Amino acid sequence: GVEMENFEVSDWDLQNEFNPHRQRHRQTKEEATYGVWAERDSDEERPSFGGKRSRDYSAPVNFISAGLKKSAAEDMSEDDSDEDEKPGKQEEIPKEFVPKKLKTGGNFKPSQKGFVGGTKSFVDFGSWERHTKGIGQKLLQKMGYVPGRGLGKNAQGIINPIEAKQRKGKGAVGAYGSERTSQSLQDFPVVDSEEEAEEEFQKELSQWRKDPNGGKKKPKYSYKTVEELKAKGRINKQLSAPQKELSQVKVIDMTGREQKVYYSYSQISHKHNIPDDSPQQPLGKDSKPQGFALPELEHNLQLLIDITEQEIIQNDRQLQYERDMVVNLTHEIQKMSEVLSHEKTAISNLSKVLEMVEECERRMQPGCENPLTLDECAKIFETLQDKYYEEYRMSDRVDLAVAIVYPLMKDYFKNWDPLKDCTYGTEIIAKWKNLLENDQLLSHGGQDLSTDAFHRLMWEIWMPYVRNIVAQWQPRNCGSMVDFLDSWVNVVPVWILDNILDQLIFPKLQKEVESWNPLTDTVPIHSWIHPWLPLMQARLEPLYSPIRNKLANALQKWHPSDSSAKLILQPWKDVFTPGSWEAFMVKNIVPKLGMCLNELIINPHQQHMDAFYWVIDWEGMISVSSLVGLLEKHFFPKWLQVLCSWLSNSPNYEEITKWYLGWKSMFSDQVLAHPSIKDKFNEALDIMNRAVSSSVGGYMQPGARENIAYLTHTERRKDFQYEAMQERREAENMAQRGIGMAASSVPMNFKDLIQTKAEEHNIVFMPVIGKRHEGKQLYTFGRIVIYIDRGVVFVQGEKTWVPTSLQSLIDMAK
């Protein structure tokens with residue numbers, strides 16, 4: 001049948017994947033049929049753990065075909081022809097039939113004509129058959145063997161049996177020279193690499209042997225100079241330095257004639273390069289013993305040489321060490337001289353500082369003729385800072401200032417009245433601030449007074465005068481106290497100023513506000529509270545609530561005809577927060593104004609405008625929306641009703657026009673611009689137009705319709721012009737802010753809106769090239785990374801993307 005190669009990976013391939021020389025057993029038809037029960041040849045039996053099975057020698061021999069068998073005569077003729085031909089003709093044999101030894105170019109030479117001793121050794125060939133049945137030689141002849149020639153297809157086998165060579169002694173392999181026999185030298189004349197090395201070694205050793213010709217062969221010595229020895233010692237020192245763990249290793253040297261023991265690997269490199277004498281020759285029968293062999297003397301001489309080398313290397317190292325020590329000490333001398341000069345300078349400076357301090361102390365004594373003044377003391381401290389800054393910083397400045405400056409400062413402020421002369425001492429205190437204040441000290445509360453001389457000076461010397469004067473001060477006379485603190489605000493430490501305002505000034509003001517009555521006091525409260533705003537700012541917030549409560553109580557019986565309320569409330573409009581101010585107005589003022597408008601009587605023939613003026617006068621005080629609400633609720637219904645009744649009684653349209661324009665002129669542009677007020681006046685115009693157009697049959701004043709139409713057209717045109725002007729102003733404002741023209745700045749989508757806001761706030765907004773998140777383009781918005789998904793901005797957080805608003809996005813980017 002057709003044989004097919006199966007290329008699939010089987011269990012056998014997996015089991016033998018690490019066996020490169022596996023031989024696959026081709027399954028026979030019998031094995032395929034019976035499996036493990038198939039009968040196998042004894043040669044193909046697998047070895048079992050129980051041991052080897054005995055072979056059946058009675059079974060017939062299974063031969064493997066290797067081609068047609070040739071007769072002996074044909075083989076002889078082929079061999080004769082091969083001998084006549086050139087040696088290279090042997091290579092014409094097909095490669096698949098050439099043995100492996102021949103393919104690789106082994107030691108066999110096909111051109112070898114014969115074997116030495118072949119006839120001699122062939123005489124007894126086959127003598128072993130006398131002990132057997134003689135089947136062996138017959139089988140060999142059947143397989144094409146020719147007696148007298150080697151085995152193998154090309155007769156490459158050896159004929160003679162393998163010879164055994166007796167060793168001379170019990171030494172190691174190779175100790176007595178080559179182990180090869182004469183037969184192996186004849187059959188395999190190729191020299192082994194080990195033998196070549198042995199011959200080279202013997203050749204090197206032979207230079208020490210005595211020349212057989214009689215001439216003495218002079219041994220070659222290698223000498224070292226002292227410089228080479230020193231250089232070698234330095235190199236060995238550098239190499240052996242990191243190998244400290246190998247410095248105490250016992251090493252036995254058996255490379256020479258005598259066994260030598262070293263205690264470090266570095267000692268091996270110290271061996272002298274003088275070669276040994278000629279190697280010890282085996283004493284044979286003809287060899288003579290050496291006439292002059294003194295190993296002890298040689299050993300002693302070698303020892304002396306080694307000791308001398310070590311001394312030279314040691315001396316060289318000691319010399320280098322001493323030189324390095326000289327250089328090091330030179331640098332030390334330079335450093336010490338610099339330190340010494342610095343110390344001398346410091347000693348001289350300290351002695352001068354001590355003299356100056358002692359001079360100050362002497363002039364501070366009570367009975368001194370030339371007492372020390374504050375200006376002279378300031379000059380001394382300036383000198384200390386300029387010329388002896390290091391010593392001044394190292395010394396305890398606080399104790400020095402306490403001992404010298406504080407008594408002088410007490411004497412300087414002895415007769416000082418802060419409210420009368422508020423600038424007294426500011427210049428001298430500012431000078432001492434530069435001299436004494438510690439720059440590293442924090443400028444806010446919780447000061448450690450022991451670390452800063454100036455803060456301690458202000459707290460202990462200056463502060464008692466301020467406490468005394470504030471205790472006697474009346475809060476309504478605020479001008480002198482405000483001037484005093486204004487003149488000292490840049491000199492006094494911040495925490496001391498905060499202490500004055502919080503602990504001294506504010507309690508006095510709070511107590512005065514509690515005793516204030518707006519109905520009886522002639523002096524308005526803002527005249528003595530508002531001057532404190534620049535200094536105290538938010539500290540006055542707790543005072544505003546009681547002030548509003550007292551003002552609200554005072555306004556319970558107030559009527560809008562009394563204009564004094566506006567004078568009292570107006571200064572507080574910008575002081576109170578907008579929310580609290582609006583709430584105060586809506587609660588206390590707006591209801592009273594509504595009642596006043598309710599009482600207003602609109603009479604075109606005899607109009608009294610006082611009540612209207614009282615309400616309009618509060619336009620700047622109350623919000624526009626509150627005022628418009630009052631007008632819509634209490635004024636315009638009555639006004640339109642009067643207009644309708646007037647038009648129904650055949651009026652004079654010129655008077656109606658003047659009346660309409662007169663009332664409109666009573667309102668400011670801000671009120672007229674409100675949409676509700678516009679609607680009311682447009683409603684009046686529409687009523688007038690309808691009245692003119694409906695009076696067709698009755699008597700009509702000549703030109704009335706044209707006048708009303710002209711009035712309507714003029715009023716509408718004014719409104720349009722006002723609106724156009726407002727739009728133009730808004731467009732100009734937008735252009736100034738960098739947004740661009742209103743028409744071009746309208747964002748088409750959410751991305752354009754973000755772009756517009758980014759340009760408005762000077763923030764860089766641009767896409768990140770090649771970066772996407774879930775298919776969405778990533779953008780850099782200032783310092784953060786965002787992406788836009790269906791009109792929502794997502795910002796990259798610590799773990800996930802977080803949606804955020806546009807305003808918070810702008811805040812994060814800034």
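A hairpin of four residues connects strand β6 to strand β7 in this predicted model. The two strands, of which β7 spans residues 801-804, run antiparallel and are joined by four bridges. Within this pairing, phenylalanine 794 is placed opposite proline 803 of β7.

Strand β6 also pairs with strand β5. Residues 784-789 make up β5 and residues 792-796 make up β6, and the pairing is antiparallel over four bridges. Aspartate 789 has valine 792 of β6 as its bridge partner. The hairpin of β5 and β6 has two residues between the strands, and arginine 790 in this hairpin adopts a positive phi near 55°.

Phenylalanine 781 stands opposite isoleucine 784 in β5. Two residues lie between the strands in the hairpin of β4 and β5, where glycine 782 has a positive phi near 75°. Strand β5 is mostly covered, with five of its six residues buried.

Glutamine 537, a residue other than glycine, has a phi near 50°. This glutamine is placed in the loop between α20 (533-536) and α21 (541-554). The relative accessible area of glutamine 537 is 54%, so the residue is exposed. Asparagine 762, likewise not a glycine, has a positive phi of about 55°. The loop that holds asparagine 762 runs between α31 (750-760) and β3 (765-773). With a relative accessibility of 72%, asparagine 762 is classed as exposed.

Helix α16 covers residues 453-471. Its 19 residues reach 27 Å from the first C-alpha to the last, close to the 27 Å expected at 1.5 Å a residue. At methionine 463 the helix bends by about 45°, and proline 464 follows within four residues. Methionine 463 is itself among the buried residues of α16, which also include Phe454, Leu457, Ile461, Trp462 and Val466.

Side chains of opposite charge can pair when their charged atoms come close. Seven salt bridges were counted in the model. In one of them, arginine 257 is joined to glutamate 298, with the closest N and O atoms 3.2 Å apart. Arginine 257 belongs to the loop between β1 (251-253) and β2 (260-262), whereas glutamate 298 belongs to helix α11, so the pair ties together parts that are 41 residues apart in sequence. Glutamate 298 is partly exposed, at a relative accessible area of 32%.

A salt bridge also links arginine 476 and glutamate 512, whose closest N and O atoms are 2.8 Å apart. Because arginine 476 lies in the loop between α16 and α17 (478-488) and glutamate 512 in helix α18 (residues 494-514), this pair ties together parts that are 36 residues apart in sequence. The arginine of the pair, arginine 476, is partly exposed with a relative accessible area of 29%. Glutamate 512 has a relative accessible area of 16%, which is under the 20% limit, and therefore counts as buried.

Arginine 539 is located in the loop between α20 and α21 and aspartate 498 in helix α18, so parts that are 41 residues apart in sequence are tied together by the pair. Both residues are partly exposed: the relative accessibility is 26% for arginine 539 and 25% for aspartate 498. Asp498 and Arg539 are linked with Asp502 in a network of salt bridges.

A nonpolar patch was identified on the surface. It consists of Phe292, Leu294, Leu297, Leu301 and Leu304, which together have about 520 Å² of accessible area. Phenylalanine 292 is located in the loop between α10 (265-268) and α11 (295-363), and is exposed at a relative accessible area of 68%.

Glycine 150 lies in the loop between α6 (135-142) and α7 (182-187). Glycine 150 is buried, with a relative accessible area of 7%. A distance of 9.1 Å separates its C-alpha atom from that of asparagine 160, 10 residues apart along the chain.

Conventions:
Residues numbered from 1 in each chain as written. Predicted model: local features only at pLDDT ≥ 70, side-chain atom pairs only at ≥ 80, totals over all residues. Heavy atoms only, no water. Pairing = 2+ DSSP bridges. Expected span 1.5 Å × (residues − 1). Bend = angle between axes of the 7 residues up to and from the residue. Buried < 20%, exposed > 50% of the residue type's maximum accessible area, 1.4 Å probe, protein only. Patch = residues over 30% accessible without salt bridge, like charges linked within 9 Å, V, L, I, M, F, W, Y side chains within 5 Å. Areas by Shrake-Rupley, 256 points an atom, 1.4 Å probe, with all protein chains shown as cover. Salt bridge = Lys/Arg side-chain N within 4 Å of Asp/Glu carboxyl O.
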